[in-house]
Amino acid sequence: MQLPRHIYRTWTQADLRQACKLYAVTDPRWLGDQSLAAAVAEALVGGATMVQLRDKGCDTVELAQLARGLAPVCRVANVPLVIDDDIEAVKMSGVDGVHVGQSDASCARAREVLGPDAIVGVSVQTVSQAKAAEGAGASYLGVGAVFSTPTKQDADAVSLVTLTEICRAVAIPVVAIGGIDARRIAELANTGIDGVAVISALFASQDIEAAAEELRRAVDEDL
């Protein structure tokens, strides 16, 4: 059954800049015996500021169910929760928004369906894509892969020069993604990004909370 849309708060651009600092992207491959909610809770305690539910093995109904389970955890921590690439799952679960790629549903379509208060993130790799996404109503941009990453081996590389140009070309928040760990955050210091998105650097850790603390400390010190 489809549930009514019920965003629990409106995120201003200033809110989103803060929320983009340490952007946690879930990956079921790293969970082991731990529940998704427990893993995300550890990440939030450690300092994660935003969560993207990403599970390519789930259909829309399953994603919506997972999102409904994560929503209370994120709301207690006062951080946004978005779903990767599934606008209908967002509508069904009532979470804060969606993140789409260049080959997914368009940013304009997501904005049309979810309305003006929803968060709509867009993956980009060029300045022209960034400007187009901003013009279509994107709330923030994800740019990458900035470093090689085992999580998405087919991801094309984005140079730090291009990343910097994208940050200068748009007014909305920009998050770097791809192969980022605590040691590499300093390399991104002068690009203009608002934060970093991480997957394995966080959820592949034996101690997710400690990994989040280390990542957040690096973000706060270096960006």
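**Helix packing and local details**

Helix 2 and helix 3 run roughly parallel to each other, a label given to angles under 35 degrees, with over 145 counting as roughly antiparallel, 65 to 115 as roughly perpendicular and the rest as oblique. Before going on: this is a predicted model, in which local features need pLDDT of at least 70 and side-chain atom pairs count only at pLDDT 80 or more, while totals for chains, interfaces and linings use all residues. Residues are numbered from 1 along each chain as its sequence is written, and side-chain values use heavy atoms, with hydrogens and water left out.

Helices (H or I, at least four residues) and strands (E, at least two) are DSSP runs, numbered from the N terminus. The axes of helix 2 and helix 3, residues 60-77, come within 10 Å and cross at roughly 20 degrees. Axes here are lines fitted to C-alpha atoms, for helices over the stretch in contact, with angles from 0 to 180 degrees between N-to-C directions.

Which residues of helix 2 and helix 3 make the contact? On helix 2 they are Leu 36, Ala 37, Val 40, Ala 41 and Leu 44, and on helix 3 they are Leu 66, Leu 70, Val 73, Cys 74 and Ala 77. Contact means heavy atoms within 4.5 Å. By class, this contact has ten nonpolar, no polar and no charged residues. Ala, Val, Leu, Ile, Met, Phe, Trp, Tyr, Cys and Pro count as nonpolar, Asp, Glu, Lys and Arg as charged, and the others, Gly among them, as polar.

Helix 2 (residues 36-46) also meets helix 9 (residues 208-222), with axes that come within 7 Å and cross at roughly 35 degrees. That crossing is right-handed too. Helix 2 contributes Ala 39, Glu 42, Ala 43, Val 45 and Gly 46, and helix 9 contributes Ile 208, Glu 209, Ala 212, Glu 213 and Arg 216. The classes here are five nonpolar, one polar and four charged residues.

Ile 208 of helix 9 is buried, with a relative accessible area of 3%. For these labels, buried is under 20% relative accessible area, exposed over 50%, and partly exposed in between, with a 1.4 Å probe and protein chains only. Leaving aside neighbours within four places in sequence, Ile 208 is in contact with Gln 34, Ala 39, Glu 42, Ala 43, Leu 202 and Phe 203.

Now the loops. Is Arg 183 buried or exposed? At 71% relative accessibility, Arg 183 counts as exposed, and its place is the loop between strand 7 (174-177) and strand 8 (195-198). Asn 78, not a glycine, has a positive phi of about 60 degrees, and sits in the loop between helix 3 and strand 3 (81-84). Finally, a cis peptide bond joins Gly 144 and Ala 145, with omega about 15 degrees.

Definitions and conventions: Left-handed = near helix turned anticlockwise from the far one by under 90°.
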